[in-house]
There are 2 protein chains.
Amino acid sequence: MTAPPVRPGRGRETRASILAAAERLFAEHGIAMVSNRQIGEAAGQSNNYAVGYHFGTKADLVRAIARHHAAATERRRLELLAAIDGSPDLREWVACLVRPTTGHLASLGAPTWYARFIAQADTEPALRQIVIAEVVATPSMRRNLEGLFALVPALPEGVRRERGDMSRLLIVHMLAERERALHEGTEPARATWEATAVGLIDAIVGLWLAPVTSPP
Amino acid sequence: MTAPPVRPGRGRETRASILAAAERLFAEHGIAMVSNRQIGEAAGQSNNYAVGYHFGTKADLVRAIARHHAAATERRRLELLAAIDGSPDLREWVACLVRPTTGHLASLGAPTWYARFIAQADTEPALRQIVIAEVVATPSMRRNLEGLFALVPALPEGVRRERGDMSRLLIVHMLAERERALHEGTEPARATWEATAVGLIDAIVGLWLAPVTSPP
């Protein structure tokens, strides 16, 4: 399903405020727990049907939020990839998996909701497919993974998939945990998003270089 | 809060059927989405208050489910630890993190709900503390982590915590993904729980041995 066409002026502002309210409520309460009516109220819409009118179904709304951020992370990844073109250093390719998101989160200023939104969407099978289509199955990510695979050529295809899943889960859930710690005022493991990226890059490099004792 | 005392006979069966129904519904729909009334109905209870009467709050119910399984995983971990006492092989200590849960899941037969239940509970901050208290902060886990830390002594305390979190997230979410794939009839990455354990152990060993380029 496609969303109805954007109308100029007021319509665009309404859509932006609905997107922001939905992202925050989804991040805090879980996507299944939040109704269109609650999103509309939080976005200051008096019309009960505003969310449905502007975005269609909940899946369409999740897609619109993911797409909104994916434009920024995609641009960041393409810049990083251009800078390391042909690099033989696995660490640089892993950094391209992590830094587009941590850099984007840092650029949003505090508080952010995107990391928890992604973790919530990633935990529901139907919504995960939407997030993967918008955020993971992108041209930059394909190039990023090809560059990474070229530097760990001995891995069986099944292990590549498995470690790809592990890398995604680590990035998604570690960033959501950090965002949650910031939100709750508890001390996060690392002081900044960039320091968090370094910890993730170190660990994910180790994960990809680990010997395979028994292929699937 | 403590649950009301267990009564013999019928009370014990009622409690078991409520626990089983709650675990399944929490795993499938998310813990926040499921009401005591729905659990009671799924457990064949005509009395609307049966769940509250037997288990108290939702947090108490989550604790009871976690505790039920933790008895089995704790016993498995103590056996594995006894067998590797003093081992200098990091891989064996990492195996003790992973195999109590994969072995327990294998022993339950298909279908299981426990892996998805834990992933759901781990995503809600208040419930996560309960799961950590029941499943993670146990005597066997303390010994397990001490043995592991002794073999990677150069890690700063903050990185230990960070990589402990990463190990937990990988185990919790990879096992939940496999259980979900089995449930939906899609092909899981590995054919058995034991093969899944091997993939996780390989990767988590790599994660712990990865050089630290910039401590927190």
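In this predicted model, H9(A) supplies the largest share of the lining of the second largest pocket, 11 residues, where helices are DSSP runs of H or I of at least four residues, numbered from the N terminus. Residues are numbered from 1 along each chain as its sequence is written, and chains are lettered from A in the order in which they are written. Because the model is predicted, local features need pLDDT of at least 70, while totals for linings use all residues.

The second largest pocket has a volume of about 1100 Å³, the space filled by probe spheres set on grid points joined across faces, edges and corners. A pocket here is an open set of points, on a 1 Å grid over the protein atoms alone, where a 1.4 Å probe fits, with protein on both sides within 12 Å along at least five of seven lines, and lining residues have an atom within 4 Å of a point. Of its 41 lining residues, Ile132(A), Gly164(A), Asp165(A), Arg168(A) and Glu177(B) lie nearest the centre. The lining comprises 20 nonpolar, 6 polar and 15 charged residues, with Ala, Val, Leu, Ile, Met, Phe, Trp, Tyr, Cys and Pro counted as nonpolar, Asp, Glu, Lys and Arg as charged, and the others, Gly among them, as polar.

The largest pocket holds about 1200 Å³ of space. Among its 46 lining residues, those closest to the centre are Glu177(A), Ile132(B), Gly164(B), Asp165(B) and Arg168(B). H9(B) gives the most to this lining, with 12 residues, and the lining of the largest pocket divides into 22 nonpolar, 8 polar and 16 charged residues.

Definitions and conventions
This is a predicted model: local features need pLDDT of at least 70, side-chain atom pairs count only at pLDDT 80 or more; totals for chains, interfaces and linings use all residues. Side-chain values use heavy atoms; hydrogens and water are left out. Helices (H or I, at least four residues) and strands (E, at least two) are DSSP runs, numbered from the N terminus.
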